[in-house]
Amino acid sequence: MNLPSRLRTGQRTVIAALKPRKEALVEGKIVAITYPSEEGVLQLRAHLKDHTGTLIVAWPGRRDIPGVRVGARLIVEGTLSQSEHLMWSPHYQVLATEEI
């Protein structure tokens, strides 16, 4: 697999150690996908879980992203929101997918 160097060699942060408004590189497995419609804005939200907790990763304006589905393992890089365990529009790489 040919990952961008920052995703391949970057220091991973466990979800429990994430800090609001700080950049982080997180690896986990998607355990759920939701499509909330807040104020009519379309968005895909993936619930990414590691051994310490769950992070919601959101892509506004997207209903589908190839490879992003329940069971997929991802690395995401972005800034955690200030008020909740939520990361908006992160850079990402699908690592593998488990058959469900």
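Trainee: What do β2 and β3 form, and how many residues lie between them?

Mentor: A hairpin, with two residues between the strands. This is a predicted model, in which local features need pLDDT of at least 70, side-chain atom pairs count only at pLDDT 80 or more, and totals for chains, interfaces and linings use all residues. Residues are numbered from 1 along each chain as its sequence is written, and side-chain values use heavy atoms, with hydrogens and water left out.

Trainee: How many bridges join β1 to β2?

Mentor: Five, and these strands also run antiparallel. Lysine 29 stands opposite lysine 49 in β2.

Trainee: How are the strands and helices defined, and how many does the chain have?

Mentor: They are DSSP runs, numbered from the N terminus: helices are H or I, at least four residues, and strands are E, at least two. The protein chain has one helix and six strands. Their order is α-β-β-β-β-β-β from the N terminus on.

Trainee: Why is β2 called mostly covered?

Mentor: Seven of its eight residues are buried. Buried means under 20% relative accessible area, exposed over 50%, and partly exposed in between (1.4 Å probe, protein chains only). Across the 100 residues of the protein chain, 37% count as buried.

Trainee: Why is histidine 91 called partly exposed?

Mentor: Its relative accessible area is 47%. That lies between 20% and 50%, so the label is partly exposed. Histidine 91 sits in strand β6 (residues 91–97).

Trainee: What makes a set of residues a nonpolar core?

Mentor: They are buried Ala, Val, Leu, Ile, Met, Phe, Trp, Tyr and Cys residues, joined through side-chain atoms within 4.5 Å. The largest such core here has 18 residues, and Val26, Leu55, Trp59, Val68 and Val76 have the most contacts inside it. β1 (23–34), β2 (43–50), β3 (53–60) and β4 (72–79) each supply at least two of its residues.

Trainee: Which residues does valine 68 contact, leaving aside its neighbours within four places in sequence?

Mentor: Contact means heavy atoms within 4.5 Å. Its partners are Ile30, Ile33, Leu44, Ala46, Trp59, Leu74, Tyr92 and Val94.

Trainee: How do you know that glutamate 27 and arginine 12 form a salt bridge?

Mentor: The rule asks for a side-chain nitrogen of Lys or Arg within 4 Å of a carboxyl oxygen of Asp or Glu. The closest N and O atoms of this pair are 3.2 Å apart, so the pair qualifies. Glutamate 27 is in strand β1, while arginine 12 is in the loop between α1 (5–9) and β1, 15 residues apart.

Trainee: What is the closest N and O distance between glutamate 27 and arginine 73?

Mentor: It is 3.7 Å, and the two form a salt bridge. This pair links strand β1 with strand β4, 46 residues apart. Shared partners join Arg12, Glu27 and Arg73 into one network. The count comes to two salt bridges.

Terms used:
Pairing = 2+ DSSP bridges.
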